[in-house]
Every structure is written in structure tokens, then in C-alpha cells.
Amino acid sequence: PNLNELFQAKARLGIMTVLTAMGDSDFFTLKHQLGLTDGNLSVHLRVLEEAGYIQIEKKFVKRKPKTSCRLTSAGREAFRQYLQQLEQIIQLTRQEEK
């Protein structure tokens with residue numbers, strides 16, 4: 001199958017996994033859970049946002065900037081399909097080992 005190349009990057013795979021599990025997350029949490037720098041995380045978030053897979057909201061809370069991210073329905077579906085394709089690959093590999 002043609003795997004979605006946007007999810008091939010370790011950081012973007014991690015972002016999608018965290019957002020799938022948590023529903024939404026702030027920048028600080030993503031940064032620490034994934035062990036990324038501010039700049040690296042920003043670049044990967046922008047790629048996913050431009051693809052329409054995540055929605056980013058920026059606001060101020062007690063005069064401090066807060067960036068929140070959540071999956072879009074398109075992002076959730078694209079990631080679900082990606083995981084299904086990976087499961088098919090794993091099943092084929094296991095069948096060939098027998």
C-alpha cells in the first residue's frame with residue numbers, strides 16, 4: 001500500500017499518536033512527551049496543519065501564550081487509515097514467516 005508519507009517522520013507520528021490518545025494537547029505537553037525542541041515541534045505541527053490534519057489555536061492565558069493542538073476529522077481518518085495499512089503489513093509479514 002501507499003503509506004502516507006507525512007506520518008513517516010518520527011516526530012509527526014508521535015504528534016498524531018499523542019493527539020489520538022489525548023484528544024488535544026498544548027505545545028508544552030507535546031514538546032516534553034516527544035522530547036522535541038520548540039523549533040522542531042513547530043515545523044512538524046505546521047506540516048500537519050497545512051495538510052489539514054490538525055487544528056492549532058493560539059491564545060493568551062494569564063498573559064502567557066498558549067498553543068493548543070487537536071486532530072481534525074480528516075487527520076483522525078488519515079491516521080486511522082495509516083494504522084490499518086501498518087497492521088496489514090504486519091499481518092502479511094507474520095503469514096510469510098509461517
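Leu-36 lies in the loop that links helix H2 (27-34) to H3. The model is a predicted one. The relative accessibility of Leu-36 is 15%. Leu-36 therefore counts as buried, the cut-off being under 20%. Beyond residues up to four places away in sequence, Leu-36 touches Ala-11, Lys-31 and Leu-41. Ala-11 is 25 residues from Leu-36 along the chain. The C-alpha atoms of the two are separated by 7.8 Å.

Two of these partners, Ala-11 and Leu-41, also take part in the contact between helices H1 and H3. Packed helix pairs are described by the angle between their axes and by the distance between the axes. Helix H1 spans residues 10-22, and helix H3 spans residues 38-50. Their axes are 10 Å apart and meet at an angle of about 70°. H1 is therefore roughly perpendicular to H3, since angles of 65 to 115 degrees fall in that class. The crossing of H1 past H3 is right-handed. On the H1 side, the contact is made by Ala-11, Arg-12, Ile-15 and Met-16. H3 supplies Leu-41, His-44, Leu-45, Val-47 and Leu-48. By class, this contact has 7 nonpolar residues, 1 polar and 1 charged.

The strand pair comes next. Strand E2 covers residues 54-61, and strand E3 covers residues 64-71. The two pair in the antiparallel sense, over 8 bridges. Within this pairing, Gln-55 has Arg-70 of E3 as its bridge partner. E2 and E3 form a hairpin with 2 residues between the strands. In this hairpin, Lys-62 adopts a positive phi near 50°.

Pro-65 belongs to strand E3. Its relative accessibility is 65%. Pro-65 therefore counts as exposed, a class that requires over 50%. With neighbours within four places in sequence left aside, Pro-65 is in contact with Lys-59 and Phe-60. Both Pro-65 and Leu-36 can be referred to Ala-11. Pro-65 is 54 residues from Ala-11 along the chain, with 23 Å between the C-alpha atoms. For Leu-36 and Ala-11, the C-alpha separation is 7.8 Å. Leu-36 is buried, whereas Pro-65 is exposed.

How values were computed
Residues numbered from 1 in each chain as written. Predicted model: local features only at pLDDT ≥ 70, side-chain atom pairs only at ≥ 80, totals over all residues. Heavy atoms only, no water. Pairing = 2+ DSSP bridges. Helix = DSSP H or I, 4+ residues; strand = E, 2+ residues; numbered from the N terminus. Buried < 20%, exposed > 50% of the residue type's maximum accessible area, 1.4 Å probe, protein only. Contact = heavy atoms within 4.5 Å. Axes fitted to C-alpha atoms, helices over the stretch in contact; angles between N-to-C directions. Parallel < 35°, antiparallel > 145°, perpendicular 65-115°, else oblique. Left-handed = near helix turned anticlockwise from the far one by under 90°. Nonpolar A, V, L, I, M, F, W, Y, C, P; charged D, E, K, R; others polar.
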